Amino acid sequence: MTDRIIPPTTYYNVFAALIALTLLTVGVSFIDLGAMHTVVGLAIAIVKSLLVVLFFMHLLYSSNRSRLAIGAGLFWLGILLALTLADYFTRHWWAY
Amino acid sequence: MPVSPAATAHQFDNLEQQREAATFGMWVFLATEILIFGALFAGYSAYRAWYSHHFEAASSKLNILIGGINTVVLLTSSLTMALSVHYAHIGRQRALVWCLVLTALLGTLFMVFKAIEYYTDYLDNLMPPVAFDPAEWRSLPSPADPGRVQLFLVFYYVMTGLHAVHLTVGIGIMVWLIVRANAGRFGPERYHPVEVAGLYWHFVDVVWIFLLPLLYLIGTHSLSDLHF
């Protein structure tokens, strides 16, 4: 949170990048990448969400308190994913 | 922009503290929202890893045309939301109201497209149990288990459905903001309600940014599948 006024040009540039990345990620879905589809799709999604969070949600300009909240959310998401998937990915009685 | 006499609520020392408290509260709420969607993403990931082939086969049948258009619609609504916060901040009331109206309309347009998409899913036999043909999946060149295909589709409906519920709440908040903005309740002294609603709106956008690749893009699409 800040009193700083961000020029709309910043938002337009971020928006242009988001649209370009969307066209890219949809475009590559027509190329047979096999298992790499998920990797490419997630990599582009992470870049896009960083753009939204840093610029549209002002995390780049916000206080450490706000960063702490979002960091805590991501930290617990990490625990949730890591422990759940560590279980599912290491079972010897594969379900399929 | 007239400064509201009660710009600072009595429990706050000053405007800065009030804004800080409001945005911090929204970030804490969003942290819990990450975990709500996170549980679905975790479940999805486990089964996506176990049943990769079946998930990819089903994913490549989803309507990528409407999914892609909707992504652009939602990203555009995030732009108008960011501009709303900007215009509230610099006190341009007319521009603020119009950007909020655009945001609400784009959110509604997303919902209309989503409804059309669910209908095309129904026509494409992608809606178990009402419209689903197990034989279609068994007869693929590389056969997929219909039960595991259905599991993917359940994730698809629950995740896009929960996202749609969030977006509906967001549109409701926009309508409330439009009424307040039209009455001149926001300005450089007091724009945190717009900022906080914006954080929520952008978060819903971020969820969709991850739903797009995980639901629509894990398989290879064919250009001949593009249809409304």
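Helix axes are lines fitted to C-alpha atoms over the stretch in contact, and angles run from 0 to 180 degrees between N-to-C directions. The model is predicted, so to speak, by the rule that local features need pLDDT of at least 70 and side-chain atom pairs count only at pLDDT 80 or more, while totals for chains, interfaces and linings use all residues.

Within chain B, helix H2 (residues 52-59) packs against helix H6 (residues 146-182) at an angle of about 60 degrees, with the axes 8 Å apart. H2(B) and H6(B) are therefore oblique to each other, a class left over once angles under 35 degrees (roughly parallel), over 145 (roughly antiparallel) and 65 to 115 (roughly perpendicular) are set aside. At this contact (heavy atoms within 4.5 Å), His54(B), Phe55(B), Ala58(B) and Ser59(B) of H2(B) meet Arg148(B), Val149(B), Leu151(B), Phe152(B) and Phe155(B) of H6(B).

Turning to the partner chain, 57 residues from chain B and 54 residues from chain A take part in the contact. About 4,900 Å² is buried between the two chains, 76% of it on carbon and sulfur atoms; this is the accessible area (1.4 Å probe) lost on putting them together, summed over both. The interface counts 1 salt bridge (a side-chain nitrogen of Lys or Arg within 4 Å of a carboxyl oxygen of Asp or Glu). A salt bridge joins the side chains of Arg65(A) and Glu20(B), at 3.4 Å from N to O.

Terms used:
Residues numbered from 1 in each chain as written. Chains lettered and ligands numbered in written order. Heavy atoms only, no water. Helix = DSSP H or I, 4+ residues; strand = E, 2+ residues; numbered from the N terminus.
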